[in-house]
Amino acid sequence: MGCSSSTPVKPKRKFTPSVNPKLNVMSKSELDRRIECSDETTKAKFGGVSVRYAYLSQRGYYPDEIHKPNQDSYTITPSFASRSTDIFFGVFDGHGRDGDKCAKFARDTLPPLLAESILHSRFGGGDELSKEAMQDAICKSHLECNRRMHASRTLDDSLSGTTAISMYLHGCRNRITVSNVGDSRAVVGRRGEKSDGLPSGGVGASTTTTTATSGGGATTSALKAFALSRDQTPYRRDERIRCRKKGARILSLDQIEGLEPVKEEEEEDELGNGSDMILGEEIDEGGDPPRVWSPNGDYPGTAFTRSIGDAIAEDLGVIAEPEMLTRELTPDDKIIVLASDGVFEFLTNQSVIDICAKFNDPLEACRAVVAESYELWLQYELRTDDITIICIFIDEVDSSSLVLSQRNSSADLKSSVLSSAESVESIYLENDELVVSDSRPVRKNISLEKSRALEKMKQKYICCKDVSDESDDYLDLDKLYNEKTDEEKARISEAISTSQIFQNISDAQRDLIYGYMEPMHVKKGQWIIRQGTVGDRFYIIDDGSFEVRIVPEGEEDVNNDGGDVVHIYTGARGRSHPSFGELALLHSAPRAASVIAQTDGQLWALHRIAFKKVVDGKGGKKDAEKVLRKMLAFMSFSPEELTDLSSYLCEAKYVSGDTIIKEGEPGDSAFIILPGGTCESVSAAGDGSTIKSSLGGDDFFGTEVLEKGGTKKYSCTVTAMSKVTCWILQKGDIKRVLGSVRKSEATA
């Protein structure tokens with residue numbers, strides 16, 4: 001989802017990085033339209049609250065609609081409701097055919113409606129509004145904006161609409177009210193009790209530390225992330241119940257298409273035995289969330305349960321009524337982020353705050369968060385979402401300057417309540433502490449579409465490797481290892497801090513990873529990775545600018561320029577250090593995009609074999625080892641060799657009807673079916689008849705191409721009969737394992 005227009009404080013500027021003139025690049029105007037951001041960070045004081053803030057909106061990459069407009073919009077309105085001490089921030093994430101128009105409509109309509117309502121309430125009820133009066137004005141403004149959108153003749157909101165996340169800062173009372181409709185999000189980074197080293201003037205890279213989190217990962221800043229809003233999606237039990245009472249069906253796309261079983265949960269929900277997260281954990285492994293459907297047809301399919309617009313979905317419980325939170329800011333509140341859901345698809349709330357906390361400038365923080373989000377979209381999906389963020393650094397909260405009405409008690413100011421006319425679960429615990437966990441699962445796997453596209457690329461792979469790849473079947477890790485300076489370690493640590501792959505490594509493993517990072521000096525115009533080739537390195541940009549280019553599926557790179565420029569990575573020492581190629585650490589997957597140096601630069605590269613050695617250790621995939629023992633090709637392998645071999649297994653997904661291998665075609669991979677999947681194997685018998693057999697979980701096929709002296713062609717055709725996930729083992733990985741064993745024996 002995602003319109004890159006706003007009412008900013010200063011004239012907006014389109015961010016246009018330098019472009020390599022030797023390449024067939026996008027025009028300046030095309031790049032201008034892709035990214036829109038603050039001209040510079042704005043510094044201001046609203047009552048007792050001193051802040052710095054900036055915004056950035058980046059249009060997504062849609063290969064089937066290359067010129068699709070940015071459907072995100074935003075607004076920053078100072079001197080709100082005729083008060084110099086007040087400011088209004090908002091992010092609107094449109095969806096559907098007229099999503100960009102809906103987002104713009106809400107941007108242009110909601111703030112004036114709210115300002116008018118606040119002014120009217122002040123006139124009729126006193127100079128200062130109570131929390132209840134403020135929330136009532138906000139709720140009515142959202143509902144009126146929704147009504148006006150339905151009546152508008154400039155757009156069709158029958159199957160289009162927008163989410164809305166906004167924050168009204170009332171500086172005279174050091175108070176914020178956050179309003180949420182949909183699945184965009186507001187997050188605050190708060191200083192903890194042990195964060196006394198954090199300067200009172202703000203946040204920045206110099207203040208970051210690493211602390212353990214309750215989830216077993218690491219928090220890389222002195223700030224802890226807390227939700228200021230709660231996503232309104234079918235992941236939430238209360239929202240599912242509400243929509244089902246309106247007659248809605250709650251199903252994923254795979255369930256609609258019959259690829260996944262339908263598990264009716266109404267009884268469980270009504271009894272109160274359901275949960276917020278189990279639905280998503282069960283079915284959203286690859287970007288297929290639960291959605292709202294009509295009982296009469298496969299529409300509208302919204303992945304959220306509240307929005308402005310969406311007239312058809314409104315009858316199914318998708319309403320425009322916001323949930324609101326009002327609280328007083330304290331000196332411990334250091335960063336507030338408002339962002340569209342494109343940011344949080346792959347990043348947790350804590351990861352976003354960690355990234356922001358590395359910078360002294362909120363504009364640089366915006367760039368870093370958007371770059372990280374965009375890179376993860378390119379890695380796990382065939383497209384990227386539109387991404388918009390407003391980042392607010394709170395430098396000071398001065399309670400001595402509070403201007404309070406005599407009629408409002410201090411207890412009203414300090415209340416922190418998520419409220420709605422509907423009965424909903426609060427995002428606060430019983431002791432009024434903010435909840436740390438995210439509102440929905442963070443995606444960790446590639447989508448089905450991405451998996452299938454990578455398999456197609458793999459079939460076309462023609463012995464073309466990355467620029468840094470040499471003959472590495474027998475990579476000498478001892479020679480690869482080199483000590484790093486403390487400064488170099490700090491830069492590498494910053495770059496990997498938000499990556500899911502590196503979240504649960506020990507300090508000892510982290511030190512080894514530093515040592516295995518290879519320094520790479522690159523020249524302007526040099527290709528780092530090429531789309532479709534199978535690479536095995538992960539890269540961190542230490543310095544320099546790099547283009548990300550994609551040739552859309554089904555097209556050829558006739559100009560040999562890498563296709564469309566969809567993103568620019570820029571790294572600089574002392575600033576951000578983007579990374580790319582993370583999937584190569586997990587398995588030998590074809591590259592989904594090309595990366596070309598715009599300038600001379602410096603990279604760090606981590607080889608997959610080194611990563612596997614450090615992280616996998618002796619763990620491996622125990623279930624897979626049991627299956628590997630049954631394969632004729634590995635009967636003579638030792639337990640240690642099977643463990644090493646299992647660490648090279650990569651994952652691929654198929655849907656019913658997909659042909660996984662075809663009889664008579666050459667191949668270099670064997671397949672293991674994971675539990676839950678079913679396939680059919682068909683082969684020709686010697687007498688000309690056909691042999692058919694069913695395959696299920698832990699069955700394997702294609703091993704004939706791996707056996708020494710065996711055929712290089714598949715002896716059967718295997719077709720997926722349901723949604724299937726397979727582990728894949730390539731012949732080259734067997735050579736690596738055997739080569740490693742021979743090297744160990746030679747040095748023993």
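**Notebook: aromatic rings**

I began with two tyrosines: tyrosine 55 and tyrosine 74 are both buried (under 20% relative accessible area; exposed is over 50%, partly exposed in between; 1.4 Å probe, protein chains only). The model is predicted, so I kept to its limits: local features need pLDDT of at least 70, side-chain atom pairs count only at pLDDT 80 or more, and totals for chains, interfaces and linings use all residues. Residues are numbered from 1 along each chain as its sequence is written, and side-chain values use heavy atoms, with hydrogens and water left out.

I searched the whole structure for aromatic pairs and found 12. Rings of Phe, Tyr and Trp (its six-membered ring) pair if their centres lie within 6.5 Å; planes under 30 degrees apart are stacked, over 60 edge-to-face, the rest tilted.

I looked up tyrosine 55 with tyrosine 74: the pair is tilted, at 4.6 Å centre to centre and 35° between the planes. Tyrosine 55 is in strand 3 (residues 49-58) and tyrosine 74 in strand 4 (residues 72-78), so the pair ties together parts 19 residues apart in sequence. Strands are DSSP runs of E, at least two residues; helices are H or I, at least four; both are numbered from the N terminus.

Next I took tyrosine 481 and tyrosine 516, an edge-to-face pair with 5.4 Å between centres and 85° between planes. Tyrosine 481 is partly exposed at 30% relative accessible area; tyrosine 516 is buried at 7%.

I also noted one aromatic cluster of Phe80, Phe88 and Tyr168.

Last, I checked a charge: the charged end of lysine 68 sits over the ring of tyrosine 62, 4.0 Å from its centre (NZ of Lys or CZ of Arg within 6 Å of the ring centre and within 35 degrees of the ring normal).
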